[in-house]
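Hi everyone, thanks for coming. Please have a look at the sequence and the model on the screen, and then we'll walk through a few places together.

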Amino acid sequence: MQEQYLTLAGEGVHETEVNRSRFICALAPVATEEEAQAFVARVRREHPTATHNCFAYVVGADASVQKASDDGEPGGTAGVPMLQMLLRREMRYVAAVVTRYYGGVKLGAGGLIRAYGGVVGEALDTLGTVTRRRYRLATVTVDHQRAGKLQNDLRATGRAVREVTYGAAVTIEIGLPDADVTDFTAWLADVTAGEATFEPGGEAYGDG
């Protein structure tokens, strides 16, 4: 399973000009293929008079969903180089749409490949990326007397506290790297005098 991947810090647009053609790259973080398709449709609505609206998206930490479209450009000259740029940069859960307004100068296959792939790379550099690392979800259960101090201790040591639920006892959902589980359980026993219980859960990805 992928230990980490990159995704977008946020949605944005970057524009460049190549031989009088305008290339406008819109990027967005997407959680699902449906979100990616909705983003593509939205950008197309924003540029109804564009010569082409080509797209590529990658969904899944292991890039299990990959789609690309040349939208009328010669086969393999637009969507594929866009997709290759996303994959080369290890981008996941991201959709890219490059809108082209033709400027009257033909670029040829090589020129198109460089333009479409290049504007995606420039957009990634301009908008910025964030790293998501794989971690283990876990639940810590502790009595009310110790809960407040434990939450402070968790945050002070940089642990990701995800959710706190108050019931007969207090349950604290946390995330930590797999490699830290053994050390964490020892630390937890130490700071709570052995009064807290630790239950590992599934896996997720979070800010690294």
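At roughly what angle do the axes of helix 2 and helix 3 cross? The axes of helix 2 (residues 79–88) and helix 3 (residues 108–127) cross at roughly 35° and come within 8 Å. Here an axis is a line fitted to C-alpha atoms over the stretch in contact, and angles run from 0 to 180 degrees between N-to-C directions. Helices (H or I, at least four residues) and strands (E, at least two) are DSSP runs, numbered from the N terminus.

A quick word on the source: this is a predicted model, where local features need pLDDT of at least 70, side-chain atom pairs count only at pLDDT 80 or more, and totals for chains, interfaces and linings use all residues. Residues are numbered from 1 along each chain as its sequence is written, and side-chain values use heavy atoms, with hydrogens and water left out.

Back to our helices. P81, M82, M85 and L86 in helix 2 touch I113, Y116, G117, V120, G121 and L124 in helix 3; contact means heavy atoms within 4.5 Å. By class, that contact has 8 nonpolar, 2 polar and no charged residues. Ala, Val, Leu, Ile, Met, Phe, Trp, Tyr, Cys and Pro count as nonpolar, Asp, Glu, Lys and Arg as charged, and the others, Gly among them, as polar.

Next, find T99 in strand 6 (residues 94–101). Is T99 buried or exposed? T99 counts as buried because its relative accessibility is 1%; buried means under 20% relative accessible area, exposed over 50%, and partly exposed in between (1.4 Å probe, protein chains only). The side chain of T99 also makes a polar contact with the side chain of N53, at 2.6 Å. A polar contact is a pair of N or O atoms within 3.5 Å; within protein, one must be able to donate a hydrogen and the other to accept it, and residues adjacent in sequence count only if both atoms are side-chain atoms.

Now compare Q4, in strand 1 (residues 4–8). Q4 counts as partly exposed, because its relative accessibility is 33%. The side chains of Q4 and R133 are joined by a polar contact of 3.2 Å. Q4 and T131 are 127 residues apart along the chain, yet their C-alpha atoms are separated by 6.9 Å.

Last stop: helix 5 (residues 181–191), where V181, F184 and L188 are buried. On the other side of helix 5, T182, D183 and D190 are exposed. After helix 5 comes A193, with a positive phi near 55°.
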